[in-house]
Each structure stands twice: as C-alpha cells, then as structure tokens.
Amino acid sequence: MQQNKPLISISNLQVSAGDKQLLSGVCFDLYEGEMLCIVGESGAGKSTLIKALQGMMPARCDSFTYAPSNFEVCGAIPSGLGLPQARWVMQDPLSALNPRQSLGRSIAESLHKERLPKDHLRKRVLSVLSDVELSEEFYDRLPSQVSLGQAQRACLARALIAKPKLIFFDEPLSALDALVQKKIAHRMEHLRRATNTTYIAVTHDLGFAAAYADKVLLLRDGTVSAYQSRSAFFANPQSDYAIDLVAAAQSLGALPKAAA
Amino acid sequence: MKTLLIRFGGLLAVLIGITLITFTISYFAPGDKAEAIAHARYPGDFGIPTEVLQGIREEFNLDAPFVHQYIHWLADVLRGDFGVSYSSRTPVWVIFVDNLGETVTLTLTSLAIGLAAAFLLSAVAVRYPNTIWDRGAVVISSIGAAMPSYWLALLLILGVSVHLGWLPAYGTGTFGHLILPSTTLAFWIMASQTRLMRTFMLEAYDQPFIETLRLRGIPEREIFSRHVLRHSFVPALTMIGLDMASLLEGAIIVELTFSRSGLGSVLAGSVLSRDLPVVMFLVMFFATAYVVINSVIDAVQHLCDPRNLNKAKTS
Amino acid sequence: MSLSQSFSISKGQLVDPLRHFTRQIALVCLALLSLWSLALWLTPYEPAAADFLDRLAPPSAAHWAGTDHLGRDIATRLLYGAGWSLGLSLAISLTGFVVGTFVGIFAARSGPAGDFAVMRVTDSFFAFPELIAAVTFAGLFGPSTTNLVIALMMVSWMKFARLARALTVNLGESDFITQARLNGLSSLLILWRHLLPNILPSLLVLWTNSWSRTILSVSGLSFLGFGIQPPSAEWGAMLLDGKAYMQTAPHIMIFPGLAVLLAVMVINLTGDRFRDLMAGKT
C-alpha cells in the first residue's frame, strides 16, 4: 500500500518565540491515507506544531516536503496561510464557526477559491452534509441552534468538502461528550478510509490514538519523546516517559484491549 | 515596566491632544481677538485706534502661523500662566478658584443624597425580589435615566417654589438655594446608581458561598449586611469615577437652569461673551481632570488586580 | 418541511431572536412614521401660525395640548418638533455610529503603532465631556442648528470607536476568522461577512443609548439657548418658551418635557430588550 514517496515529511523542525524554544528536533513522515496522532500534555507544543506546519508561526527545519504541491524547503518555512489542499478542524466548534452565519454558508466558504456557481456549491454542501450524517435542514441553521456534536460535524464537513489530501485535527473530540466523541471518531475513520485522506490529529486521549492512529508522535516540553508506529508504541514504548504514560492509560482502562 | 512607560506615553499624548483640540477651536472661533483684548484693556473706550490693535496683534503674536501661536500658548500654560479674562481683567485662575466652591458643593451634596437614596432603593429591591419594591426601583431608575434634568428642575420650581412657596427658585447663597438644585442632580444619580448597585448586589447574591452561609443557618439579614453589601461597594465606586463626566454635565445644566453661580455658569457666560482665556482654561480643566482621574482609577485597579495585566493590552 | 421534522424542532428555536426582534422594531418604526406623517397632514394648524386672540389657552378639544404665548397650537408644534428633536439626534448618532465603527475597526486592523495613534486621538476627544464641548463650540461659533449638529457630531463617535476596536481585537483572534483566512477570503470579505455581523449587535445597543443621550443633549442645549433657536418647534426650545409662563400656563412646559422623557425612555427600553436578547443567546 505504501508508495515510495511520503505525502508529507519533515525533519528537525524548530520553533521558537523570543528566546523560548517551543519545539525542536521534530521529525516525521506520513504516506497517503495514514493517520498520525500527536500526543502529549498541554503545553508540550502540540498545537504549535500544527500552526508551524501551516506557516502560521515562524519556524525552521532541515527539510520539509509536501507532495500535493511539490513543495520542498530547507531552512525557514515561508510564512503564509496554510498548505494547499489541506484543511484544519479545530478544537472548539463553536468558536470555529461564525455565530452569525448559517452552517451551510460556513461550509461553502471552504470552496471560496474555486468560485463555483451557487446552485452547484449548494449541491456540494448538501452532499458533504450527508457524508457527516447531518440532514439538509442543517444548511440554514446557526451554530447556536445545533448541538456541539453537530457543530463539530459541520466543521468536519467544512474540511471534507474541499477534498483535501491532508486534514489537521486539533483535539477534535475534547469539547464533546463521550458518546458523541465515539460517533464522530468513527465517522472520521470511515471517511479517511473512503477518501484515502491523510490525518494529523493532536490529542491527549491515548485511547483515541490506540484505536485509530497509524503512527504516534509523543511530545514533551517541545521535544520528541517517542515516534513509533501504533503497535510498537503501545507494545514497546521508546522512552521512559512513554512507558509511564502507556502504563497509566492501561491501569485506567483507557486503552482498547487490542492495543494493550 | 514597559507597559507602564507606554501608558504614561499615552497619557502624555492624550494631554497634548487635549491642548491641541482646545487651541484649535479657539483659534478658529470667529471674532477679532485683538479687539476683544483691547476692550478688556481700555474699558469704555469704543473707538480703538488701529495702531493699538496692531500693537496688540504683535504683542500676542496674533498674526503668527497656527503652530507658532500654539507653541507660544502651550508654553504659557505649562508655566502656569493661563491668562487674564478679557471681560473682567482678573486672572483666569482667580475666577476659577472663586467659582469652584459652588460647583463642588452642589456636586458633593447631590452625590451624597443620590447615593444614599440609590443605596436604600437597591437594598430594598434586592432584599425583596419580585415584589412591588423591586419593580418600583426598576421603574424609578428607568424614569430617572430618561428624565431631562432641566425639565425636572422646572417641575420642582413650579411645585415647590411657585405653588408651595417653600424654597427660593433661582440664585445662590443660602442653604435653601441648594436644596432644589441638588435634588434635581441627585435624582439622576440615584437613577443611574440604583440600576448598577442592584445588579452588583444580585451578582453578589449569586456567589456560591452565599448558599453555604444559608445552609449554616446564618440569618438573611446578616448575610446581606456582612457579605452582599461589601461586595457591591467597590464596583459601584469605580463606576462613579468613570461617570464623572456625566456628573459634571449634570451639574452644569442644573447650575444654568437654577441660575446658580459656579463653573458651569462661568463657562456659559464666558462662551457667550467670547472670553477666550476663561473658556480655554475651563474646557481644558474639565478634560484634563477627566483623563487624570480615569488614569488614576485605572492604575489603582491594575495594582490591585494582577489578573488585569493581560486584559489591559486589549482594552 | 415534513410534518415530523417540524415537530422535532420547536419553531421558535430556528428563528434568530435578534433578527426577529429587529424586524419587529422596524415594523413598529414604520407604523409610527406613517402615523406621524398622517398626523402632520391631518392637523388643522401650522406650527408657526400665531393667534393672539387665543394665547396661553389650556388643553381643550380644539387644542389638545393647549396653545403657547403666541397662540400657537402646542400639539402641532410637538409633532413638528419630533422632526427636530428625534430626527436631528437620529442623524447625529447615526453619523457617530458609522464614523466611530470605521475608526475603531481601522485602529484594530492597523498594527500597534497605528492603533496607538488612532486610539490616543480618540481618547483626546473623549476627554471633553459631551455637553461642555457642545456648549463651547456652539457658543463660540454662534448658537445655530448647524453649529449644534457639528458640535454634537464631533463628540458622538468616540464611544463607538472604543467599542468597535475592542470587539474587533477580540474577534480577530477567534478561530472562525482564522478559518476564513485559511480559505483565502480577502480582508474586505472577512470584514463584511465575519466581523461586522458579529460586532454590530453590541454597537446597535450602544447606538440606542447614544441616540437617547443625543435627544437629551439637543433639547437640553436648545433649552439653554445654545442650540436650535426659537421659533423652531424643537422640544427643548419649546420648554424655554414655556419657562417664562410657568406660573400662568404650566402646560406649555409640561408637554414638551413629557415628550422628551417618553421618547428617551422608549428608546432606552428598546435598547435594554435588545441587550437582554443578546445576552440570552450566548
């Protein structure tokens, strides 16, 4: 299944703000359709990593390649807005959606650059709404008129409608309650398999990583504490910190049996 | 330290802005300033020779460009020389000091009456929620906020002075002269403060520890006097500081309506007689007082509450 | 919409309460405006027509609010005065609204140095209490309607600028703006679609407040002789007319004052209701 060239690959990513080193020595590569889970405690630099990759923070690296746009850099990552054919699903769906704009229009905005005719655009939005299991009536709803889970589905739809090669997820489930988390996680997984999209997901939930990830990147204080495939990470963690973390999760019963 | 410097720089910039705006208005005000000065110097002398006017223009740099005049004037102001009234030929500073007392008396009396009334009204409203007292307090405060104070003044004069003949209507002097004006101003203070105090007291009631106190069997009266009251004082006082501009405006309207002496009357009189030095000083005084007092309140708040340090950057 | 769907969601939930309320208010305003023009058309009197045989008459069937010292019908003058007192202050506060909002957004969007400069200018203007600035300006440049309007406009925009700036700064950091940027929307489109719809409700509440304050200022300054001059039928100017006849004909000063009080109260209460709706939403 693996092609010879990764979809995204980065080595020795460095991010600093002022004299404080936020991230250093981050390396990973991902092939099409794979999912990377970035785990770590808050403040470890998980969200910084996502922002840096999208050019939203000044960052440097030894090399950074991104296949969809034949993008290759070494040195400073050019600051710009986002990678082409990539979308970003944020942690809090309510702040990620304009409270005074209907869900349909928010989703349609993802295709702003394509300048489609209105009826065509509406059709695409309705079809992506059904992909995330929302009925047509949600097109005209405001974010305040739907549940958190439905709002996060809309955000997912906003990412999917562009048929991106890569989707960043920043704690996509942490604002939701357990049952909704499970449903949306399933939906995310189903859509990834169906469209062969690459996911990079920030999470602090090891159970989620154990269930869905292909690779796990564990951050601690801005440095990589472990970078392994899922099975290796949970069976044979690379570092002491990873060992402690996996053991703790197991003792709490947070991991599925297969991974434990 | 850096934020402190920026704030101080900002304050300085605003103060310069105030002098600039004041000077610009007076610079472009219609009327020959040289003539006004000449009339003040030689009272009763109507045919002022053009040479004298020319001499005054040179003396006061009246023909100099805007920036030149502004800097000249600003230098005088910074040295504490605010000039001499055109019409009465007394130093502006003296006029100010002479009239400050009346305005301060009026304002403080009104503030005392208004706050006491607001306090009683909101305390009753909060202690007996959803009763006629509570509703009444809300209605009174919304009437008071909408009441044109000059109209209230006329109604009071009509009722109390004209019909009942109890108190003098116009003028300054005795204690009796103070009652109607301060009632007028106090009504507005009461209205705006009742609204705030009621909200703050209700918020204080909403805090979780109040329920704990109730469960421990502490009587309502004691909960109110010990805990709710205290919590409502500080924010209300801050609001009073911020609303000082409105208070000053109210005082001026009241002074003019009741023909009282005071800074408001001086301002109106000197504006109408184009007594520029007096006008400029008063306007600048009000603006500077507003800015300085608010900066002090701001600074005190920030010193008291380190959490505000981050918010300050965005506000 | 099928029957089962309309049962599953209550209908009120789908209507945006703010929009609904705004629509209601617009209808009421329209009704009031047509009622007002109808009354202007129906009244048999002219606002400036003196009738010295019928001076200082108390309210009666012929003169609902009586006549003033020149025998002019007060009710008719109040109707015409609404145009001055309400209309003029509406225009002034709307100007402040538009200018202030523009300045505030500009400050928030123009980087630290521009922001600092613009806001310190705003602060400088803000330092002058409204009424004092208006008295000074209108007095020095000669009491007239034009000078009153200029004076009040100069002091009406700062609150909007401050609020618009604060709201814009807060929103600028929010996720949906970031998303819009990532999706390649131009700054102007982001302003129009994302920023304005979200900051307008708060600014509208401030605007109702500003309008009612301006009504008080316009009529107050006219009453003090610094604003609209008699014989114009402005409510404050009418009060000034009535002041001299307070003893013999109190109705001359009662009705204009009542008109100001009622107008300001209605606007204030509408603003309060709007604010409550906003708070209930979030």
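Author: Helices here are DSSP runs of H or I, at least four residues long, numbered from the N terminus. The model is predicted: local features need pLDDT of at least 70, side-chain atom pairs count only at pLDDT 80 or more, and totals for chains, interfaces and linings use all residues. Residues are numbered from 1 along each chain as written, chains are lettered from A and ligands numbered from 1 in written order, and side-chain values use heavy atoms, without hydrogens or water.

Reader: Let me place a loop residue. Where is B:Arg274?

Author: Chain B has helix H12 and helix H13 (276–304), and B:Arg274 sits in the loop between them. Its phi is positive, about 55 degrees, although B:Arg274 is not a glycine.

Reader: Which value does phi take at B:Ser259?

Author: Phi is near 50 degrees there, again positive in a residue other than glycine. B:Ser259 lies in the chain B loop that runs between helix H11 (244–257) and helix H12 (263–272).

Reader: Is A:Ser231 buried or exposed?

Author: A:Ser231 counts as exposed, because its relative accessibility is 53%. It belongs to helix H8 (residues 230–235) of chain A. From A:Ser231 to A:Ser9 is 222 residues in sequence and 21 Å in space, C-alpha to C-alpha.

Reader: And C:Leu42: where is it, and is it buried or exposed?

Author: C:Leu42 is in helix H3 (residues 17–42) of chain C. At 56% relative accessible area, C:Leu42 is exposed.

Reader: Now pockets. What is the volume of the second largest pocket?

Author: A pocket is an open set of points on a 1 Å grid over the protein atoms alone, with protein on both sides within 12 Å along at least five of seven lines; lining residues have an atom within 4 Å of a point. The second largest pocket has about 1400 Å³, the space filled by probe spheres set on the points.

Reader: How many residues line the second largest pocket, and which helices supply them?

Author: The lining has 34 residues; C:Cys29, C:Leu32, C:Leu86, C:Trp211 and C:Ile267 lie nearest the centre. In chain C, H3, H4 (74–109), H10 (187–223) and H12 (251–281) each supply at least two lining residues. H3(C) gives the largest share, 12 residues.

Reader: What classes make up the lining?

Author: There are 28 nonpolar, 6 polar and no charged residues. Nonpolar covers Ala, Val, Leu, Ile, Met, Phe, Trp, Tyr, Cys and Pro; charged covers Asp, Glu, Lys and Arg; the others, Gly among them, are polar.

Key
Buried < 20%, exposed > 50% of the residue type's maximum accessible area, 1.4 Å probe, protein only. 1 Å grid on protein atoms, 1.4 Å probe; cavity = no way out; pocket = protein on both sides within 12 Å on 5 of 7 lines; lining within 4 Å.
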